[in-house]
Amino acid sequence: MRFKDKVALISGAGSIRAGMGNGKATAIAFAGEGAKVVAVDRNLEAAQETVRIIKENGGQGIALQADVAKEAEAQKAIESAVAEYGMLNILFNNVGIGDSRPGLKVTETEWDLLMGVNLKSVLFMCKYAAPEMKKIGGGAIVNNASMAAFYGHPIFAYSASKAAVVGLTKSLAISLAKDNIRVNCVAPGFIDTPMVALVMDERRMKNIELRVPMKRHGKAEEVASTVLFLASDDASYITGQTISVDGGMSIY
Ligand SMILES: NC(=O)c1ccc[n+]([C@@H]2O[C@H](COP(=O)([O-])OP(=O)(O)OC[C@H]3O[C@@H](n4cnc5c(N)ncnc54)[C@H](O)[C@@H]3O)[C@@H](O)[C@H]2O)c1
């Protein structure tokens, strides 16, 4: 029970379809280790489903609706979490989208939306979470990037936004270290989530698996266990780092 008496807010804590997204798996894992979970998603029903599973397993949590790419809604989500549970110890900035035409076909609207969601959500959630963590003597923030941060990707805005999340993580880590707030990042590789299932058929999934040294997709639960490590006291001297959860893709 590494997170007993801790409050953990997870953004994008639902899943776009039935199945296990990274945020949903992480919310369930935090609750399983004693945390009070605030499951935030722009899709309230999806967040409620996550909380239903948490409660079914004997955990504690609430669901909140917010588009955390909008500063006012990010602020409200943090305020509601603190109003409910009195404090905030952990923040997992998991929200991310990949909807855009590939390469230079991207439109200005698509670029702005994707960069807005993937990047502003991290910035504004941290802007309002950090003062709450400072009040209680510290905390831990984990951001969700992607291996697309380090490689070329057909969706230009996706890799650019995720590279920026890695950079932002380092800046946040330096600026918040004095307040005992650690900020780290996970960079998942090919994870079998509902978002991936939506855009890939079985043949493409198999082709990808051949490129992974471990010859399989990752599971959202494997991203979750890395997030929990980074948020826990086991990682008490780690900040500003990015851990790849990719079955060895990044060493190929
Ligand atoms: N699945 C992968 O292979 C993979 C790989 C690398 C990185 N990632 C990253 O993991 C994160 C989650 O991806 P997933 O595959 O689990 O997705 P998912 O679609 O299963 O879950 C994402 C959730 O975020 C919510 N969401 C989207 N925009 C939001 C917003 N503005 N405000 C609040 N909620 C919002 C959606 O409603 C959804 O419930 C993303 O940041 C993604 O880039 C995924």
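Which residues point one way from S5, and which the other way? Gly139, Ile141 and Asn143 point one way, while Ala140, Val142 and Asn144 point the other, and all are buried. Welcome to these close-ups of a predicted model, in which local features need pLDDT of at least 70, side-chain atom pairs count only at pLDDT 80 or more, and totals for chains, interfaces and linings use all residues. Residues are numbered from 1 along each chain as its sequence is written.

**View 1. Strand S5 and its cover.** S5 covers residues 139-144 and is mostly covered, with 6 of its 6 residues buried. Here, buried means that 20 or more other C-beta atoms lie within 10 Å of a residue's own, exposed means 12 or fewer, and partly exposed is in between, with C-beta atoms placed from the backbone. Helices (H or I, at least four residues) and strands (E, at least two) are DSSP runs, numbered from the N terminus. In a regular strand the side chains alternate between the two faces of the sheet.

**View 2. The partners of S5.** Strand S4 (residues 90-93) pairs with S5 in the parallel sense over 4 bridges; two strands pair if DSSP finds at least two bridges between them. Leu91 stands opposite Ile141 in S5. From S4 the chain crosses through H4 to S5 in a right-handed β-α-β crossover. Right-handed means that, with the strands pointing away from the viewer, the path from the first strand over the helix to the second runs clockwise. Strand S6 (residues 181-188) runs parallel to S5 and is joined to S5 by 6 bridges, with Val142 opposite Asn184 in S6.

**View 3. Strands S2 and S3.** Strand S2 (residues 36-41) and strand S3 (residues 60-65) are parallel and pair over 6 bridges. Asp41 stands opposite Gln65 in S3. Helix H2 (residues 44-56) carries the chain from S2 to S3, and this β-α-β crossover is right-handed.

View 4. Ala74, Ala77, Ile78, Ala81 and Tyr85 are the buried residues of H3. Seen down the helix axis, these buried residues fall within an arc of 90°, so they line one face of H3; the arc is that of the directions from the helix axis to the C-beta atoms. On the other side, Ala72 and Ala83 are exposed. Glu73 also lies in H3 and is partly exposed, with 19 other C-beta atoms within 10 Å. Glu73 and Met125 are 52 residues apart in sequence, yet their C-alpha atoms are 9.2 Å apart in space.

**View 5. Two residues with positive phi.** Most residues other than glycine have a negative phi. Asn180, in the loop between H5 and S6, has a positive phi of about 60° although it is not a glycine. With 15 C-beta neighbours inside 10 Å, Asn180 counts as partly exposed. Lys215 has a positive phi of about 55° and sits in the loop between helix H7 (202-211) and helix H8 (220-231). Lys215 counts as exposed, with 10 C-beta neighbours inside 10 Å.
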